[in-house]
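Happy to walk through this one together. Let's take some labels and ask what stands behind each.

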Amino acid sequence: MRDDLLEGEDPSPVVIPAERGQATCQQILDLDYYTAHKKWMDEQVEELPVAMVTRPQVANKIMTLLHSTVPEMKSMALPLPSDSALKDLMLPAFMFGRKGHQKLHFSTDFCLPTLFMVLEGKLLISSSVFPEDLEGCNKSCQDYLEKLTAREWVSKVECNGFMSVLKPGKALCMPGGKTFHVQALEDMHCLRIYVTSPERARDSIAFLENWIGDANLTSSSMCSKMLLHLQKQLDIVPLPKA
């Protein structure tokens with residue numbers, strides 16, 4: 001993961017085989033907290049809802065399990081934010097989808113690498129790239145995506161993308177900023193967590209600076225708080241606004 005995703009100029013997706021993640025998966029399934037969360041998520045009508053793991057002891061337990069499976073997640077990670085709401089976002093979260101539920105994401109959140117580990121069921125993740133003339137143009141990219149048909153998306157994935165079917169214990173870490181599509185092939189529960197490293201934080205800073213300006217976000221927005229946190233970790237002094 002270090003060479004393929006967390007360092008270098010052209011990060012690529014990393015797949016963690018089910019055999020490697022199976023023990024971690026089973027220990028999460030055995031948590032009483034997961035059982036209670038699963039019952040709550042099963043009652044939601046929203047497609048692919050996400051629920052943060054807000055109990056510190058449980059979040060720390062899951063993080064320890066993930067670090068034992070993917071040691072680079074710990075050795076290269078930046079410190080967690082001091083802002084409590086932002087810190088909660090950086091902790092593990094559960095995601096649920098009924099068979100057929102799907103969602104197309106313009107980018108990973110905050111342009112950070114994001115790891116998905118399926119706990120139950122099956123999840124299809126696919127990704128592609130924008131045409132070169134759209135890269136960096138947030139509004140143009142979104143307009144382009146919204147006009148894509150399902151057949152056109154599949155064609156793009158086959159030409160210059162990738163897809164992977166995740167089953168229990170199998171995980172995929174999506175590079176930051178990638179456009180990707182998720183679809184539950186069966187009723188599915190998975191774990192989602194953001195992954196950090198100094199190099200990928202620089203990517204996120206560049207993305208957030210543009211996004212905050214384009215969207216006219218205030219300093220109280222989560223994107224602005226994340227930008228400030230990452231700049232602080234890398235000792236980057238933000239330029240004063242004109």
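Q: What should I keep in mind about the model before we start?
A: This is a predicted model, in which local features need pLDDT of at least 70 and side-chain atom pairs count only at pLDDT 80 or more, while totals for chains, interfaces and linings use all residues. Residues are numbered from 1 along each chain as its sequence is written, and side-chain values use heavy atoms, with hydrogens and water left out.

Q: How do you know that the radius of gyration agrees with that of a compact globule?
A: The globule rule is 2.2 Å times the number of residues to the power 0.38, and the radius is taken over C-alpha atoms. For 242 residues the rule gives a value near 18 Å; the protein chain has 18 Å, so the two agree.

Q: Why is Lys167 called partly exposed?
A: Buried means under 20% relative accessible area, exposed means over 50%, and partly exposed lies in between (1.4 Å probe, protein chains only). Lys167 has 43% relative accessibility, so it counts as partly exposed. Lys167 sits in the loop between strand S7 (162-166) and strand S8 (171-174); strands are DSSP runs of E with at least two residues, helices are runs of H or I with at least four, and both are numbered from the N terminus.

Q: What makes Lys38 and Glu120 a salt bridge?
A: The rule asks for a side-chain nitrogen of Lys or Arg within 4 Å of a carboxyl oxygen of Asp or Glu. In the pair of Lys38 and Glu120, the closest N and O atoms are 3.0 Å apart, and the pair is a salt bridge. This pair links distant parts of the chain, with Lys38 in helix H3 (residues 32-42) and Glu120 in strand S5 (residues 114-120), 82 residues apart. By this rule the count comes to five salt bridges.

Q: Why are Arg202 and Glu199 said to be separated by about one helical turn?
A: Both belong to helix H9 (residues 198-215) and are three residues apart, which means about one turn between them.
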